[in-house]
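Welcome, and take a moment to look over the chain before reading on. The report below walks through some of its contacts, its core and a few local details.

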Amino acid sequence: MSRSVRTRPEGSGRGLSEAYDTALLDLDGVVYAGGKAIAHAVDSLTTAHAGGMRLAYVTNNALRTPDAVAEHLTELGIPTGADDVITSAQAVARLIAEQVPSGARVLVIGGDGLRVALRERGLEPVESAEDDPAAVVQGFGGPELPWGRFAEACYAISRGVPWYASNTDLTIPGARGIAPGNGAAVEVVRIATGADPQVAGKPLPPMHRETILRTGAQRPLVVGDRLDTDIEGAFNGEVDSLLVLTGVTDGARLLAAQPRHRPTYVDADLRGLLTGQPEVTGEGDGSGGFRCGGWKATAGEERLELEGDGAALDGLRALCAAAWTAGGEAGCELDSGKALARLGL
């Protein structure tokens, strides 16, 4: 697929909640972390929804059911129904149902989210490789998932049973920091078996397809904190994206991003849904650099340079333009430490 290489974050004269009909929101690191709402998330989402924007919550975490996620969001102060939640468990269940007979048994390595999604597709969850499964599905099972579940998956996969994974996020944010995600667990089984799973979750097409089928979005905006899932998923789906800096992505990763990981918009948190986005100007011809707000960013021979003053996010947007232009399709390798330190990032 041929696409132009994004060289700067875009501006928007309107609030993003007005410019797009549906926000496809990641959860962990965007709406909440460790079960608690992230600052400004509840008020921002409430205001966006009141203004007419549909809110759909799209998560690679396959542990909880849509009902449980909706209940949690409602408790946080964001009234949500199960139909507003799309999980990688649902995406992988549809993928499996398209490839195995109706009513087939599926060995589950994970939590209730997978079991509910499989039953929704007319498949029968089972717990043992001895249950003659037609497929193995692996999703995030939480910190208490027994090690023996990985062995059970290996027994079935080694016999030739096809293997599916809800997602391959290596990490998941929590209240105490960053913890191993389903991708880390998938690697355990991959190392033991030498096999590779079919993966459904972000950034791959099955998840985007599931989301569009369930929401009917016409002008969707993907909102996330991860470059390699949320933003790449938007890139693969050819839709716009907003990166918020409340999760795992920091300024250095953003500046070094390759084209598939470059968001359309960048903001500190979900308040970015309600505001216009400032324009980044300049041509990057080596003379004037790129400007946003009171900042000017240029790409030197060894490092990114920043001068001026103003809002830190404007400085970061200007730096993105300088870095992405200099890096082209390969990504920028210039030192960004001094410039980011000046912004407090």
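## A walk through the predicted model

Glu 130 has a relative accessible area of 56%, so this residue counts as exposed. Please keep in mind that the structure shown here is a predicted model.

### Salt bridges

Glu 130 sits in the loop between strand 7 (124-126) and strand 8 (135-138), and Arg 159 in the loop between helix 6 (148-158) and strand 9 (163-165), so the pair ties together parts that are 29 residues apart in sequence. Is Arg 159 buried or exposed? Arg 159 is exposed, because its relative accessible area is 52% and the cut-off for that word is over 50%.

How many salt bridges does the count come to? The count comes to 22 salt bridges. Three of them are set side by side here.

| Acidic residue | Basic residue | N to O distance |
| Asp 26 | Lys 202 | 3.0 Å |
| Glu 210 | Arg 94 | 2.4 Å |

Let us turn to the second row. Asp 26 and Lys 202 meet through their side chains in a salt bridge, at 3.0 Å from N to O. The two residues are 176 residues apart and link distant parts of the chain: Asp 26 belongs to the loop between strand 1 (22-25) and strand 2 (32-33), while Lys 202 belongs to the loop between strand 12 (198-199) and helix 8 (205-215). Both Asp 26 and Lys 202 are buried.

Now for the third row. The side chains of Glu 210 and Arg 94 meet in a salt bridge of 2.4 Å, N to O. Here too, distant parts of the chain are linked: Glu 210 is in helix 8 and Arg 94 in helix 4 (residues 88-97), 116 residues apart. Glu 210 has 0% relative accessibility, so it counts as buried. Arg 94 is buried as well, because its relative accessible area is 17% and buried means under 20%. This pair also belongs to a network of salt bridges that links Arg 94, Glu 120, Glu 210 and Arg 214.

### The nonpolar core

Which residues have the most contacts inside the largest nonpolar core? They are Leu 25, Val 31, Leu 45, Tyr 57, Val 223, Leu 270 and Leu 273, in a core of 28 residues. Several elements each supply at least two residues of this core, among them helix 1 (16-19), strand 1, strand 4 (54-59) and strand 13 (220-224). Helix 2 gives the most to this core, with four residues.

### Around helix 3

On the surface, Asp 67, Glu 71, Glu 75 and Asp 83 gather in a patch of negative charge. One of these, Glu 75, lies in helix 3 (residues 66-76). Glu 75 counts as exposed because its relative accessibility is 60%.

Helix 3 is also the place of Ala 68. Ala 68 counts as partly exposed, because its relative accessibility is 27%. Ala 68 and Ala 82 are 14 residues apart in sequence, and their C-alpha atoms are 8.0 Å apart in space.

Another pair to look for is Ser 88 and Asn 61: they are 27 residues apart in sequence, with 6.5 Å from C-alpha to C-alpha. Ser 88 is found in helix 4. With a relative accessible area of 0%, Ser 88 is buried.

### Details of the backbone

Pro 203 lies in the loop between strand 12 and helix 8.

His 40 has a positive phi, near 75°, though this residue is not glycine. Where is His 40 placed? His 40 is in the loop between strand 3 (36-37) and helix 2. At 38% relative accessibility, His 40 counts as partly exposed.

Glu 238 also has a positive phi without being a glycine, at about 60°. Glu 238 is found in the loop between helix 9 (227-237) and strand 14. Glu 238 is exposed, because its relative accessible area is 56%.

Terms used. Residues numbered from 1 in each chain as written. Predicted model: local features only at pLDDT ≥ 70, side-chain atom pairs only at ≥ 80, totals over all residues. Heavy atoms only, no water. Patch = residues over 30% accessible without salt bridge, like charges linked within 9 Å, V, L, I, M, F, W, Y side chains within 5 Å. Areas by Shrake-Rupley, 256 points an atom, 1.4 Å probe, with all protein chains shown as cover. Salt bridge = Lys/Arg side-chain N within 4 Å of Asp/Glu carboxyl O. Lys, Arg positive; Asp, Glu negative; His and termini not counted. Charge placed at Lys NZ, Arg CZ, Asp CG, Glu CD. Buried < 20%, exposed > 50% of the residue type's maximum accessible area, 1.4 Å probe, protein only. Core = buried A, V, L, I, M, F, W, Y, C linked by side-chain atoms within 4.5 Å.
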